[in-house]
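Please open the model in your viewer and keep the sequence panel beside it, as each stop of this tour begins with a selection.

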Amino acid sequence: MVARRDVVVVGAGPAGAACALTLARLGHDPLVVDRASFPRAKACAGGLSPGARDALDELGLWPRVQALAHRVTRARIEAMWGADYTVLDTAQGWVLPRRDLDMIAVDEIRSAGIELREGTRLADVGQRAGEDVELTLSDPRGTTGIVARWVVLAGGAHMARRLDMVHGRLLQTLMARYEGVEHDREAIELIFDEDIFPHYGWVFPEPGGGCNVGLCVEAHRMGGRTVTEIFESFVRRRLGARMAHARQTGRPVGHPIMATPVPHGAGRAGLLVAGEAACLVNPVTGEGIGPALRSGVHAARAVASALSGEKSKGEAAAAYRRDLTRTVAPSLLVGELLRDVGVRNLDFIFDNRHWLFGGRRILRAALHL
């Protein structure tokens, strides 16, 4: 027997959680499924920009996040050829491992009485006549069929690669946690490197005294190497003696990222795509938490407007696409510009930032803070 639901949200990360919580607060009863079981490890530096903070605050999650997160007051950016600059003003931010951030969101989903099925994979999705969406879900007990009036796909970059709706640029990431690294506890570090141009490696301090070290690199820049080989080379060349007393804690984790400067195709009648599944990731920084949260809220409001009869399904999907263009796309476009022009010229920007028109703003935009 095929079950029927008004809304199914696939993915319980930032985009899916924001969508589900907003739907519940608007009076709807979504089903949330995720292939993972929580808590889970995630290859994410965990930086929370003021934009992400504002979105978490609107969802009522910020007090719990702030209580656990590590605050930073500055950001150090190192260019490919040695110049560096520290952003002191407007660089207020927080760092919280995604394992903890996701658990806060999942706890809120459960507290709201929203049904969450963990360890449940999306095996198939298809749209039928009348714009309903057919899903096949798979878990250790077998497969289940669901017909939903609306589906929001928020399952991350893996999902983006399966869909024929949104297309982006593929990046690979690898991250490891360490104790004993020489680093500034008040600063995040972004280290641009010619080997992974136009992207960067990072050192982010975490709650508890340790830090995470990682990098992202576009797939076409890997030259037949594994991301582990690239990571080891980066750590050796760019961190060097700072790692002399470092001890790795836990296994390194990797994760693909799909990024695009223009989020076309993220919605159609009955089926919306949010977060990394919609490639809503800054093309230069790889930052995706803020865009994911915002897209989840926009998706929920669009779905609610259709379920209430305020808009048709087509009108609701169009409204979602407009909201993404209005609130998310500008930062993605800035990231694309920085990727294509700014990274190569960071040394020039650093050296001439005091007289270069907009130089300091360029540096701040590079951080997406």
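A residue is called buried when its relative accessible area is under 20%, exposed when over 50%, and partly exposed in between, using a 1.4 Å probe and protein chains only. This is a predicted model, in which local features need pLDDT of at least 70 and side-chain atom pairs count only at pLDDT 80 or more, while totals for chains, interfaces and linings use all residues. Residues are numbered from 1 along each chain as its sequence is written, and side-chain values use heavy atoms, with hydrogens and water left out.

Select His183 to begin, in the loop between β12 (169-179) and β13 (187-192); helices (H or I, at least four residues) and strands (E, at least two) are DSSP runs, numbered from the N terminus. His183 counts as buried because its relative accessibility is 18%. A polar atom of the His183 side chain lies 2.8 Å from the backbone oxygen of Val181.

Next, select Trp62 and Trp94, which are both buried. Rings of Phe, Tyr and Trp (its six-membered ring) pair if their centres lie within 6.5 Å, with planes under 30 degrees apart counted as stacked, over 60 as edge-to-face and the rest as tilted. The structure holds four aromatic pairs, and the one between Trp62 and Trp94 is edge-to-face, at 5.0 Å centre to centre and 80° between the planes. Trp62 lies in helix α3 (residues 62-68) and Trp94 in strand β7 (residues 93-95), so the pair ties together parts that are 32 residues apart in sequence.

Then display Phe192, Tyr200, Trp202 and Phe204, which ring pairs link into a cluster.

Finish at helix α8, where the buried residues include Lys313, Tyr320 and Leu324.

Definitions and conventions: Polar contact = N/O pair within 3.5 Å; in protein donor to acceptor, adjacent residues only side chain to side chain.
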